Each structure stands twice: as C-alpha cells, then as structure tokens.
Amino acid sequence: MTGAPLTELGAGPMTPTMYRVSARADESPQTVTLDLSPMADPIGVPAPGQFTMLWSFGIGEAPISVAAAAVDGSLRQTIRGVGPVTSALCAAVAGDLVGVRGPYGVGWDLDLAQGRDVLIVGGGLGVAPVRSAIEHILENRGRFGRLAVVIGARTPDALLYPRELARWQERSDVDLEVTVDTATVGWRGNVGLVTQLLDRATVDLGTAVAFVCGPEVMMRFVARGLLERGAPPENIFVSLERNMHCAIGHCGHCQLGPLFVCKDGPVHPWHRVAPLLSVREL
Amino acid sequence: MTVTAHDLAEYRILAGVSDEHLQLIADSSSEVRFGTDERILSTDEPADHFYLIRSGRVAIEIDAPGRTTIVIETISALDVVGVSWLLPPHRWTFDATALEAVTAIEVDAVALRAACEIDPALGYALYTRFAVLLHERLVATRIRALDLYGATTS
C-alpha cells in the first residue's frame with residue numbers, strides 16, 4: 001500500500017488519510033494510547049478538544065478525541081476498546097496502518113479563557129480531551145490566570161497519563177487534584193468523586209472558565225456543583241459524546257435536539273446544552 | 001491550643017452559625033494532632049466527638065474479611081470527619097486513619113448533643129447543616145456506585 005492520500009485518487013471528505021502507528025502504550029487492560037505518524041500530507045493540526053475519526057481497515061471507524069497533536073502532523077490518541085472498531089484499534093501495534101479523518105468539531109474555547117483562571121475537570125477517558133488543553137495552557141502560561149486541574153478515575157491503576165500527572169504535580173503554577181472511586185491501603189491520594197474536590201480548586205469560580213469532560217452524569221453534577229459555587233453557566237464548557245458517524249453534520253446520528261454534536265461540538269457551553277441533557281428522549 | 005469561634009467560622013459546615021453558637025462549640029473543642037497511619041476512629045466505638053480537619057488527609061476505611069482494607073473516601077482540610085455522633089446509636093460506622101500528618105479540631109459531641117437538647121436553635125442549626133453534608137456525600141456515593149468510569153462507552 002502506498003502512502004499517497006486517498007483524496008488524490010478522487011475520494012471525498014469521508015476518505016481517510018493514511019497514518020502509521022509509531023508507538024503504543026497500554027494505559028490499562030482496555031485502554032491504549034496510540035502515537036500516529038502521517039504517511040503523506042497529514043490532516044490539519046487538531047485544536048484542543050477536537051476529535052478525529054479513526055479507521056481500522058476492514059472493520060470501521062470511530063470518533064476518538066485527540067490527546068496531543070504536533071505541527072509535523074503526528075497525533076496521540078487514547079482509545080478504550082468497547083466495540084469491534086475500538087477493540088481493533090486497541091490491538092494495533094507499531095507499524096500498523098490506520099486511517100484518520102478530521103480534525104472535526106468545536107474544541108475548548110481557549111480564547112475566552114485567556115486572561116482568566118481556568119478549571120479543568122477530567123474523569124475517566126475524559127482526561128484525553130482535556131489533556132491537550134492543559135498542555136496548551138502550560139505552553140502559553142503567561143496568557144492565563146491560575147490553573148486548577150481535577151482528575152478522576154475508577155482506581156489508581158486506571159489513571160491515564162501518569163507521567164503527565166507527575167509532571168503537572170511538580171509545577172508550582174498548576175493546582176492538581178487527583179481522586180479515584182475506590183482504592184485500597186497504599187494509595188495516599190484522594191478517594192471520592194471529582195465534585196468533592198471543587199471547593200479546593202484555587203480559582204475564582206465567579207470569573208473562571210471551566211472545561212469539563214467525562215461521563216455525562218459526572219459532567220452534569222460537576223456543572224451543578226460549579227453553578228452552586230457561583231460559576232456563570234456561560235463559562236462552563238462540556239465535551240459531549242454521542243453516536244457520531246459522519247462527523248460532518250450530514251448523517252444526523254449524533255443529533256441532540258437542534259445540535260449536531262459532531263459539528264456544533266463536541267465542546268458546548270453548558271447553558272446551551274443543559275436543557276437538552278435533561279430530556280430523556282434525546 | 002485554644003479553639004476560637006473565629007477558627008470555626010472558616011468551615012463551610014458552620015457557615016452562618018451565630019457567633020454565640022460558634023463560641024459554644026469552641027468551648028467544647030480542642031486542637032489535636034495525628035501522625036501518619038494513626039487510627040483516628042474505630043468502627044463500633046462510641047461516637048462521642050468529631051473532627052474538623054485543619055490540615056492533612058484522612059482515609060475513611062473498612063476492613064473486609066479476606067481482602068485488604070478498602071478506602072471508602074478521603075477527607076481533607078476544612079471538611080468533617082465523623083457524622084455518626086448525630087444519630088443513635090452514636091457509634092462509628094467506619095474506621096478513620098490519618099494518611100499523613102493531620103491537625104484537626106476535636107469537638108466534644110456528647111457536650112454538643114446535650115447543648116442541642118437544651119437549645120433547639122443550636123440543634124436546628126447543626127442538624128440542617130450536617131444534613132446538607134450527608135446529602136452531598138450520599139449523592140457522591142450514589143454516583144460512584146454507578147461505576148461511570150467503567151468500560152461502558154468508548
């Protein structure tokens with residue numbers, strides 16, 4: 001197979017660009033981080049919070065958030081194997097080929113966050129989409145106010161990106177809190193829900209911008225906790241996950257009321273999606 | 001070290017409590033310290049006090065036969081360790097252990113329960129505030145019971 005992008009062969013927006021797996025890291029038994037290198041012209045550089053559609057050839061494609069992206073076109077994406085496509089992607093090893101479409105959607109509003117305190121809450125696999133936002137703020141540290149990061153996971157073993165967590169913990173300009181749902185003795189960190197750490201976030205919630213990603217129920221309770229503590233709803237952003245197929249707003253599978261999560265999101269301001277999330281039929 | 005009403009006013013659980021009542025609680029309080037891994041509360045022992053954490057982290061734990069000790073929740077600065085003092089039979093439900101050096105305000109719950117019997121306004125102020133705390137912890141526990149981070153979505 002050549003490295004030529006299939007778009008040169010007359011294909012359209014649904015055609016993936018070829019990438020090769022350059023490295024894989026097992027985060028947990030079902031979760032893998034793949035480093036992907038473009039074989040020819042890469043897709044555009046994803047902004048923090050955007051996602052791509054990853055192809056496992058012969059099986060299908062799935063929307064995957066971007067944990068890191070470099071100007072040379074390389075991508076780092078974390079995948080949990082829960083279905084045929086994501087399980088196949090999780091089985092990929094260095095040298096394998098995958099297809100990439102994107103980047104898609106609206107990411108975190110880092111322009112709005114400039115000059116303000118920022119609170120970032122990531123739970124479970126939801127740490128992946130906020131990782132690039134955290135790194136962006138750290139790379140442009142002077143443009144932002146205080147940075148508080150709250151990370152939640154099922155168990156200590158399930159925490160994503162332990163090296164990054166250690167690096168953020170060492171920095172004096174990041175207030176990092178990590179908590180897990182359950183732990184046995186030996187774990188010296190927090191045990192509890194991420195919402196229980198909101199009072200310890202050293203940011204001014206009255207003006208701070210909050211980026212929240214994780215299971216939807218978790219995000220609802222984080223948003224509620226932030227509102228109770230004085231955060232304006234327009235300053236709270238959540239990254240939603242729906243059944244995204246085309247990723248370009250054509251197929252309607254990810255429709256949430258008047259919104260297409262793939263195109264209008266996945267990051268949405270809380271005041272826009274809160275009324276929709278409380279409708280069970282949506 | 002003497003505990004003052006001003007010290008107690010820092011705690012969210014006591015926000016809005018009158019100065020008079022804060023002073024009454026302060027009169028039943030003292031500062032205590034625990035070393036790393038020191039047991040603070042033990043299951044089934046009398047719940048005759050509770051702690052307002054000043055610094056450090058406390059693990060709420062339970063021993064399960066055949067398993068290692070399970071940490072149910074951790075409590076840090078400006079939060080409360082011990083709510084069983086509020087309700088009969090006034091015995092601890094779980095163990096509590098200092099995960100690191102802990103400084104706390106120990107409140108005499110026996111004296112406080114007696115004061116609540118005499119002064120319903122104090123009782124109402126404390127029980128409504130602890131009800132909020134219990135509700136928050138119940139909600140958090142229920143959400144954790146959903147195992148939201150489990151492998152159910154991609």
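Tutor: The model here is predicted.

Student: Which residues make the contact?

Tutor: From α3(A), A:Arg131, A:Ile134, A:Glu135 and A:Leu138. Helix α4(A) contributes A:Glu164, A:Arg167 and A:Trp168.

Student: How many residues of α3(A) are buried?

Tutor: Eleven of the 13, so the helix is largely enclosed by the rest of the structure. Among the buried ones are A:Arg131, A:Ile134, A:Glu135 and A:Leu138, the four residues that α3(A) brings to the contact with α4(A).

Student: What span should α3(A) have, and how far apart are its end C-alpha atoms?

Tutor: With 13 residues at 1.5 Å a residue, α3(A) should span 18 Å, and the end C-alpha atoms are 18 Å apart, so the two agree.

Student: Switching to sheets. What is the strand order in the seven-strand sheet of chain A?

Tutor: β11-β9-β8-β7-β12-β13-β16, an open sheet with mixed pairing. Strands β11 (190–191) and β16 (267–269) are at the edges, each pairing on one side only.

Student: What does β7(A) pair with, and in which sense?

Tutor: Strand β7(A), residues 118–123, pairs in the parallel sense with β12(A), residues 209–213, over five bridges. The pairing of β7(A) with β8(A), residues 147–153, is parallel too, over six bridges. A:Val118 has A:Val209 of β12(A) as its bridge partner, while A:Val121 stands opposite A:Val150 in β8(A).

Student: Is β7(A) mostly covered or uncovered?

Tutor: Mostly covered: six of its six residues are buried. A:Val118, A:Ile120 and A:Gly122 point one way, and A:Leu119, A:Val121 and A:Gly123 point the other. In general, side chains of a regular strand alternate between the two faces of the sheet.

Student: Which strands does helix α5(A) lie across?

Tutor: Helix α5(A), residues 216–228, lies across β7, β12 and β13 (236–239) of chain A, and runs at about 160 degrees to β12(A).

Student: What about the five-strand sheet, which strands are in it?

Tutor: Its order is β10(A)-β5(B)-β4(B)-β7(B)-β2(B), an open sheet with antiparallel pairing. Strand β10 (183–184) of chain A and β2 (39–41) of chain B are the edges; each has a single partner strand, so one side of each is left without a neighbour in the sheet.

Student: Over how many bridges does β7(B) pair with β4(B), and with β2(B)?

Tutor: With β4(B), residues 58–62, strand β7(B), residues 95–98, has four bridges. With β2(B), there are two bridges. B:Ala59 stands opposite B:Thr97, B:Glu61 opposite B:Asp95, and B:Leu41 opposite B:Ala96.

Student: And which residues of β7(B) are on each side?

Tutor: B:Asp95 and B:Thr97 are on one side, B:Ala96 and B:Ala98 on the other. All are buried, and both faces of β7(B) are covered.

Notes: Residues numbered from 1 in each chain as written. Chains lettered and ligands numbered in written order. Predicted model: local features only at pLDDT ≥ 70, side-chain atom pairs only at ≥ 80, totals over all residues. Heavy atoms only, no water. Pairing = 2+ DSSP bridges. Contact = heavy atoms within 4.5 Å. Buried < 20%, exposed > 50% of the residue type's maximum accessible area, 1.4 Å probe, protein only. Axes fitted to C-alpha atoms, helices over the stretch in contact; angles between N-to-C directions. Expected span 1.5 Å × (residues − 1).
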